[in-house]
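I opened the model to look up its salt bridges, its domains, its strand pairing and its nonpolar cores. My entries follow in the order in which I looked.

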Amino acid sequence: MLKSMHRYLHCPACKADLALDIFDKTVVGISAGILTCTACSTIYPIVDHIPRMVPSYLFDASSFFEAHSLSLDRMLRSWPDEVREISKVQVHTQENFGHEWDYYSRLGWTDETGTDASQVAETLHWFREKTLLTPDDTAGRLTLDAGCGNGRFSRAAFDADAIVISMDLTRAADVAFKNLFEYGRMAQVVQGDILHPPFRPATFDVVFTIGVIQHTGAPLQAAANLAGLVKPSGLFSIRTYQRGNDRMEENDAAIRKVTTTFTLNELHEFSDILFRLTSFLVRKGLYADVTRHICLFHKRYDIFDWYSAPVAAKLTYAELREVFAACGFTTLRDADDGSSPQDRAFSAISIVGHKR
């Protein structure tokens, strides 16, 4: 963490200011320290360069507290307004997506090819396609990647000359920091919760989130929270799942009800089975027909990503436009083709708002 990032942060539990104490520094910034809330006295540790702004069930800092003679009573155990069902989703998300980004730590970072790889060129292309952001939108602008995974889209934002801060709920934050640091970027990564943002309001020129809010358990609230982090005249880009036809949604819900009970090994095994099915359907010319009723993908990692998610809400453009309007945004760009859910198989929403 760079010392300068302190000015962007506040207590995610009570929104008060934070005091910074530095325990250790390296050439890339603060490697160990604490951020202490000046109101509620909660201590947020900075461990391995990353501020850990989440409850202890998402990052257990007990050993850090003990090593630095800090009272465990001042560790954040839960959110003041915690919703039990959402906290259970977050623990499950930490387990599954945290594992995913350990397993696929270099996805989108190399020039490897194959059924379980993604190349750098694809990452850069998908960043533009999914966010609808242009180089002029991000150049020289303070930009948040909300839900950064292994950091591949943070890299794309850096390559578009943005000043990037990355955030993830899970231990993927550590993977992103490592990848960005090795790429030669001054990585600023926070382990934080979109539903309890650790950043001050109106901090960022640009906020983008790719394939994340649908997994929070409260996607419209997540969108509204991120909108609040955007400065006046700033931009907010959302990429999320779009509602499909009734049969596909029913089938997807039924399958996910089972896959959410799988162990990680079983999820990998299930992904292998569906990947082989996909390859068979492509050879037989049946892929387009079948995928109107069940979600299948050409890459094994996409299948794992899809079915490992504990929750996956499907939204509409109308819902997100309502959030934009309520938060003072006008729609600048979108990929809405005007189709109805009944005409669609799997698809996604891309929309960019401009804050008035």
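**Salt bridges.** I began with Arg243 and Glu319, whose side chains meet in a salt bridge at 3.6 Å, N to O; the term stands for a side-chain nitrogen of Lys or Arg within 4 Å of a carboxyl oxygen of Asp or Glu. Arg243 lies in the loop between S9 and helix H8 (246-259), and Glu319 in helix H12 (residues 317-326), so the pair ties together parts that are 76 residues apart in sequence. Helices (H or I, at least four residues) and strands (E, at least two) are DSSP runs numbered from the N terminus. Arg243 counts as partly exposed at 32% relative accessibility, and Glu319 counts as partly exposed at 22%; here buried means under 20% relative accessible area, exposed means over 50%, and partly exposed is in between, with a 1.4 Å probe and protein chains only.

I note the basis of these entries: this is a predicted model, in which local features need pLDDT of at least 70 and side-chain atom pairs count only at pLDDT 80 or more, while totals for chains, interfaces and linings use all residues. Residues are numbered from 1 along each chain as its sequence is written, and side-chain values use heavy atoms, with hydrogens and water left out.

Next I looked up Asp272, which forms a salt bridge with Arg300, the closest N and O atoms being 2.7 Å apart. This pair links distant parts of the chain, with Asp272 in helix H9 (residues 264-284) and Arg300 in helix H11 (residues 300-308), 28 residues apart. Asp272 is partly exposed, with a relative accessible area of 27%.

Asp159 is partly exposed at a relative accessible area of 29%, whereas Arg155 is buried at 10%. I also recorded a network of salt bridges that links Glu249, Asp252, Arg256 and Lys314, and a total of 16 salt bridges in the structure.

**Domains.** The domain assignment gives domain 1 (6-74), domain 2 (84-243 + 314-355) and domain 3 (246-308); such bounds come from an automatic or database domain assignment. The C-alpha centres of domain 1 and domain 2 lie 24 Å apart, and 17 residues of domain 1 are in contact with 24 residues of domain 2, contact meaning heavy atoms within 4.5 Å.

**Strands.** I then followed S8 (residues 204-210), in which 7 of the 7 residues are buried, so this strand is largely enclosed by the rest of the structure. Strand S5 (residues 142-146) and S8 pair in the parallel sense over 3 bridges, where two strands count as paired if DSSP finds at least two bridges between them. Asp145 has Phe208 in S8 as its bridge partner. S8 also pairs with strand S9 (residues 230-242), in the parallel sense and over 6 bridges, and the partner of Phe204 in S9 is Val230.

S9 and S11 run antiparallel and are joined by 8 bridges, with Tyr241 standing opposite Ala348 in S11. Strand S10 (residues 329-334) also runs antiparallel to S11, through 5 bridges, and Thr331 stands opposite Gly353 in S11.

A separate entry concerns an open sheet of 4 strands in the order S1-S2-S3-S4, with antiparallel pairing. Its edge strands are S1 (18-26) and S4 (50-51), each of which pairs on one side only.

**Cores.** Which residues have the most contacts inside the largest nonpolar core? They are Leu35, Leu144, Ile165, Phe199, Leu226 and Phe236, in a core of 47 residues; a nonpolar core is a set of buried Ala, Val, Leu, Ile, Met, Phe, Trp, Tyr and Cys residues joined through side-chain atoms within 4.5 Å. The core draws at least three residues from each of domain 1 and domain 2. Apart from it lies another core, of 22 residues, among them Val164, Ala187, Val206 and Phe208.
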